[in-house]
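Visitor: I would like to learn how to read this structure, feature by feature. Please show me where to look.

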There are 2 protein chains.
Amino acid sequence: MKERGARIGDVAVLAGVGVGTVSRVLNGGTGVRASTRQKVLRAIQELGYHADERGRALRAKRGNLILVLVPFFTRNLYVEILRAIDRATPPDSGYILTVMNVESPQEKERAFALASSDTRLAGIISVSLTPPDGFAAARRTDVPLIVLDAPSEEFPAIEFDHVYGGRLGTNHLLGLGHRRIGFIGRSQDPFVRSGLRAVGYRQALVEAGVAWREEYVRVGEYSREHGLRDALALLDLPEPPTAIFAASDLQAIGVLEAARLRGLEVPDDLAVLGYNDMELAEYVGLSTVRLPRDELARYAMEFLEASWAGALARPPSPLRPTLIVRRSCGAASDGG
Amino acid sequence: MKERGARIGDVAVLAGVGVGTVSRVLNGGTGVRASTRQKVLRAIQELGYHADERGRALRAKRGNLILVLVPFFTRNLYVEILRAIDRATPPDSGYILTVMNVESPQEKERAFALASSDTRLAGIISVSLTPPDGFAAARRTDVPLIVLDAPSEEFPAIEFDHVYGGRLGTNHLLGLGHRRIGFIGRSQDPFVRSGLRAVGYRQALVEAGVAWREEYVRVGEYSREHGLRDALALLDLPEPPTAIFAASDLQAIGVLEAARLRGLEVPDDLAVLGYNDMELAEYVGLSTVRLPRDELARYAMEFLEASWAGALARPPSPLRPTLIVRRSCGAASDGG
DNA sequence: GTATACACTGGAACCGTTTCCAAATGGAAC
DNA sequence: GTTCCATTTGGAAACGGTTCCAGTGTATAC
């Protein structure tokens, strides 16, 4: 039932020094005699003193909140990224993670309005959200911002290498002996993000000397329903694929359902590969391409810390996904 | 590339009034002549002034951060609760949502240490986490705390009515004509939280005049594997149940898998009902008992707001779940 | 016209820290 | 014992608000 904690002045009095000295001990402590530091530390200990971050934030130019903007954060990938960011946040640093969920244009506007002017902020991480036009001009430049999993010309950004991911998955299926490999994605346009997996898919086929067939590629939303529908279309071809690579786990789930409807055994009659490694994938034994979220979060935090330290940080090149082999692809390792 | 925003003094000068008057206009504005208020508002507008929350927090006793402590926030239920809290947070109120993910005893300790002393905090929402011993004594009493989805004697708490949830699900299956209803939960102990669903199940059976059978009840972890194993055990009984009520969706997924293994059609040969309504449930068409997360979040926020206003708020009684009918239970509504 | 009450307003003090500057201290060199 | 310089130290000022108090202005009552 603490009425109110000790303040820096109380520590100074108890230690018999000035507040400036206590402050110096608190922050790095250079230029303080060892014996003096001891006295101060003892006083801090005795009073159970913790610096009040409010006062700190006011005097220092910097705030102490890390704002994470994230769209639809109930989606598994985003939750996983959030968790990774949470773990990458140094504890006891005074930094606190704040989250804004963005699910509509209004919310996006509000979120970036806050991001542009709130002085409590020390840094901003924008996940899969490209800052709106005019944001760069309106914002406080002393608060570093990094964009994750989205392109940006105005701001430093870290992305996943989806072309590589597309190649990785396709090569895996090729390696298992498949030559008729279907692809269900959301776009084939190499200039939009969602089309990059398709680019990788095509590259891998070409490199392996396997013909790319137009009828083996279908595009639709990242949803179970679309995966189901597109998979049925592929399976009903005169010469159906023996493996299907879906650009999202949700679509892959639909593919599994389509196989069941057509009486096909997975992976014996049809190999299925997903993308994202959402939680669900593990439950249904779906092999999938996993995005390196921890790495992403680590780089993001490193970027912020470097910026605070005044360094001119450069974000790394796109991060490469890895392959998670489970039952659905029939890899030798699990005897499917 | 804003160098630095306008301060309250700039507004005062432009409006030709004192800073005190600007402050009064900013906060409620009682006791300010209408014409004066207009001048001030115009100046605020012109300068694009936003009060600096750092200074505000320092002078007012209250912080402006709402801290949410949540265990394993990647789990769907918690994400959904977080989202509900996010939506229940009044925008433009200056309050920001901060999240701490707790996945280990160390993290819990650190989280509550922060919660007990950080002056930036305006309120604390502890989700499924009972504050540790000694916390009540150590914390700042002027920061309201509410516990969600966990019992607490020391602090106001809002819980879900799991007994009701157990009855609700069981009654639904009874209403569909089932008399041999299996239950797969995590505990039968009426004194632990995870056992309450089993209590409701038993109550509903008894009230309907249906015998409660020991062999129809199995307990294990909230996981797909345990659901699968326990479902197989039930289905291999001499007189197997025609419906299975699982105390978690994860276990229910396992039940669906068990049905498939035994060649049973769902819902015709076996009706399946889950609990929680996680995202996954929708994908697989699982009927389930849904916990009212939005309501929970709304009450939590109302509690905090009432506390800030100085009112002596009482949390409401346990919140009642609702039934979500999909394909897996064979309710008439979808002709299963 | 004056007294009185009341509504409104200006500005100093304060919240808890960091930072800056001047002053004090200590030790080395002579 | 002085002198000089580098190191250490104390404390005032500043950060940007809110709050309080005293003072001004206005209206009402007589």
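Visitor: Which classes of residue make up the surface near DNA strand D?

Guide: By class there are 10 nonpolar, nine polar and eight charged residues. Ala, Val, Leu, Ile, Met, Phe, Trp, Tyr, Cys and Pro count as nonpolar, Asp, Glu, Lys and Arg as charged, and the others, Gly among them, as polar. Near means that the C-beta atom, placed from the backbone, lies within 6 Å of the molecule or strand. This is a predicted model: local features need pLDDT of at least 70, side-chain atom pairs count only at pLDDT 80 or more, and totals for chains, interfaces and linings use all residues. Residues are numbered from 1 along each chain as its sequence is written, while chains are lettered from A and ligands numbered from 1 in the order in which they are written.

Visitor: How many residues surround DNA strand D, and which elements give two or more?

Guide: 27 residues surround DNA strand D, and the closest are A:G18, A:G20, A:T36, B:I8 and B:G55. α2 and α4 of chain A and α2 and α4 of chain B each give two or more. α2(B) gives the most, with five residues. Helices (H or I, at least four residues) and strands (E, at least two) are DSSP runs, numbered from the N terminus.

Visitor: And what lies around DNA strand C?

Guide: 26 residues surround DNA strand C, with A:G55, B:V17, B:G18, B:G20 and B:T36 the closest. Its surface divides into 10 nonpolar, 10 polar and six charged residues.

Visitor: How do I read the sides of a helix, and which residues of α2(B) are buried?

Guide: An α-helix has 3.6 residues a turn, so residues three or four places apart point the same way. In α2(B), the buried residues are B:T21, B:V22 and B:V25. They cover an arc of only 100° around the axis, which puts them on the same side of α2(B). The arc is that of the directions from the helix axis to the C-beta atoms. Buried means 20 or more other C-beta atoms within 10 Å of the residue's own, exposed 12 or fewer, partly exposed in between, with C-beta atoms placed from the backbone. The cover over the buried residues includes α1 (8–15) and α3 (34–47) of chain B. Just after α2(B), B:G28 has a positive phi of about 85°.

Visitor: How are the two copies related?

Guide: Two copies of a chain are related by a rotation about an axis and a shift along it. Here a rotation of 180° with 0.0 Å of shift superposes chain B on chain A, at RMSD 0.2 Å. The copies are thus related as by a two-fold rotation axis. In chain B, B:T98 comes closest to the axis, at 2.1 Å (C-alpha).

Visitor: Where does A:V272 lie, and is it buried or exposed?

Guide: A:V272 lies in strand β9 (residues 271–276) of chain A. A:V272 is buried, with 32 other C-beta atoms within 10 Å.

Key. Least-squares fit on C-alpha atoms with pLDDT ≥ 70 in both. Contact = placed C-beta atoms within 7 Å.
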